[in-house]
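Please look over the sequence and structure shown here before reading on.

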Amino acid sequence: MKGLSVVSISILLLLAGPAGAQIDFEAAVDYAVGQQPSGLAVADFDGNTSPDLAVTSDTPDKVSILFNTGTGTFAAPVNVALGSGVSPHGVAALDFDDDKDLDLAVVFKDSESVRLLINVSGSFTAGALVATNGTLPRDLVVGDLDQNGFPDVVTSNRDSNDVSVLLNAAGVLAAGVTYAAGTDARGLALGHFNNDTFLDLAVAAHDDRQVSVLLNQGDGTFGAPIALSLGSERRPQGVVAADLDKDGDIDIATSSSTATLNSVTIFLRTGSGTFAAPASFAVAGVNPEGITAADFDVDGEIDLATADQDSALVSVLRNLGGASFDTAVGLAVGTTPGPLVGADLDGNGTRDLVSANRDSNDVSVLINAKSGTIFEDGFESGDTSAWSSTVQ
């Protein structure tokens with residue numbers, strides 16, 4: 001899988017026109033996992049072309065693998081033990097050792113480290129623990145930052161207010177190199193935010209009420225953060241990169257909230273590393289956390305979805321064109337949803353939704369009733385076989 005660059009990519013769908021566009025998901029089906037699930041990755045681990053689920057949880061510390069039966073339903077979890085006292089959080093899936101199957105990277109909050117889990121015929125072998133050199137790492141994103149053909153790892157570190165970049169050399173991670181990213185760094189996204197070919201980084205700096213954009217210097221190192229302010233009140237949580245206005249540039253969206261406002265906030269790219277003033281759109285619930293982007297209503301525009309943790313809802317916001325969003329539709333899921341992933345689970349060509357729900361100890365699968373044909377939009381060179389999200 002050399003040449004792979006980013007997990008989260010913008011997707012368009014070939015379809016009928018927008019006249020009948022609407023949000024149409026089946027009721028959630030819940031699957032039990034371990035206590036307080038905090039990280040979620042979706043990828044085909046057993047090579048049957050149907051995406052499976054990987055979920056991190058506590059007591060004991062583990063990753064639970066739920067294999068897809070082929071129709072978007074899932075078998076009972078198979079657990080991969082991670083050792084005691086490590087507190088696994090973010091998890092992501094890509095081919096880290098270039099053997100053409102999908103492995104896992106897991107960030108351990110309490111031991112401040114990352115471990116690769118190498119896929120061997122659907123089972124996983126633990127690699128070495130590698131220090132992040134950042135404090136309280138939570139979120140994790142993966143992509144080929146230095147263009148050596150192997151995906152690298154980035155963690156956001158809440159207590160040291162930075163991100164750690166762990167470069168991958170032929171399946172072996174180097175210790176983390178940290179870069180300032182703003183106070184209480186949370187959600188992460190990779191995307192091309194200037195006019196070169198290297199993946200840049202967007203970070204939700206929660207307490208600074210900004211998204212920090214770190215531009216790749218061309219070798220997997222990063223410059224000083226560029227601050228995109230959400231204003232004096234809104235605090236960002238999750239972040240996603242996608243072309244929201246169909247102008248060929250990658251934009252940024254973040255889930256954000258105040259004591260009374262709950263929204264997605266978008267920043268449209270206007271130039272090489274520059275963005276327009278923010279615009280915000282209300283979600284259906286309270287305290288949105290996880291965020292993902294895809295064309296859920298099959299009209300050719302990239303929509304947004306959030307996990308609203310204090311309402312047991314997933315909100316889906318239809319893009320009406322030009323990055324203007326319709327009133328959010330709320331879909332019931334488990335208690336305290338955090339991580340949220342959009343992926344085609346049933347093979348009908350459209351993105352379904354999965355949330356990991358901390359207080360009901362389960363994942364909720366929402367199957368998209370629409371169908372279409374997925375193709376890559378050309379703005380991000382990536383692989384649609386893997387997606388991930390983390391509780392903040």
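Ser113 has Ala131, in β10, as its bridge partner. The model is a predicted one, in which local features need pLDDT of at least 70 and side-chain atom pairs count only at pLDDT 80 or more, while totals for chains, interfaces and linings use all residues. Residues are numbered from 1 along each chain as its sequence is written, and side-chain values use heavy atoms, with hydrogens and water left out.

- Strand β9 covers residues 113-120, and seven of its eight residues are buried, so the strand is largely enclosed by the rest of the structure; buried here means under 20% relative accessible area, with over 50% counted as exposed and values in between as partly exposed (1.4 Å probe, protein chains only).
- Strands, like helices, are DSSP runs numbered from the N terminus (strands are E with at least two residues, helices H or I with at least four), and two strands pair if DSSP finds at least two bridges between them.
- β9 and strand β10 (residues 123-131) run antiparallel and are joined by seven bridges; they form a hairpin with two residues between the strands, where Ser121 in the turn has a positive phi of about 55 degrees.
- β8 and β9 also run antiparallel, joined by five bridges, with Val106 standing opposite Arg115 in β9; their hairpin has four residues between the strands, and Glu112 takes a positive phi near 50 degrees.

**The largest nonpolar core**

- The largest nonpolar core has 18 residues, of which Phe45, Val63, Ile65, Leu104 and Leu117 touch the most other members; such a core is a set of buried Ala, Val, Leu, Ile, Met, Phe, Trp, Tyr and Cys residues joined through side-chain atoms within 4.5 Å.
- At least two residues of this core come from each of β3 (35-43), β5 (62-66), β7 (88-94) and β8 (103-108), and β8 gives the most, with three residues.
- In soluble globular proteins, nonpolar side chains tend to be buried together.
- Phe45 counts as buried because its relative accessibility is 2%, and among the residues it touches beyond four places away in sequence are Leu53, Ile65, Leu104, Asn119 and Phe124, where contact means heavy atoms within 4.5 Å.

**Aromatic pairs**

- A search of the whole structure finds six aromatic pairs, a pair being rings of Phe, Tyr and Trp (its six-membered ring) whose centres lie within 6.5 Å, with planes under 30 degrees apart counted as stacked, over 60 as edge-to-face and the rest as tilted.
- The rings of Phe45 and Phe124 have centres 5.5 Å apart and planes at 80 degrees, so this pair is edge-to-face; Phe45 lies in the loop between β3 and β4 (52-58) and Phe124 in strand β10, so the pair ties together parts that are 79 residues apart in sequence.
- Phe124 is buried, with a relative accessible area of 15%.

**Ala202 and its surroundings**

- Ala202 lies in strand β18 (residues 200-205) and counts as buried because its relative accessible area is 0%.
- Beyond its neighbours within four places in sequence, Ala202 is in contact with residues including Gly187, Phe193, Val211, Val239 and Ile252.
- Ala202 and Leu215 are 13 residues apart along the chain, and their C-alpha atoms are separated by 8.8 Å.
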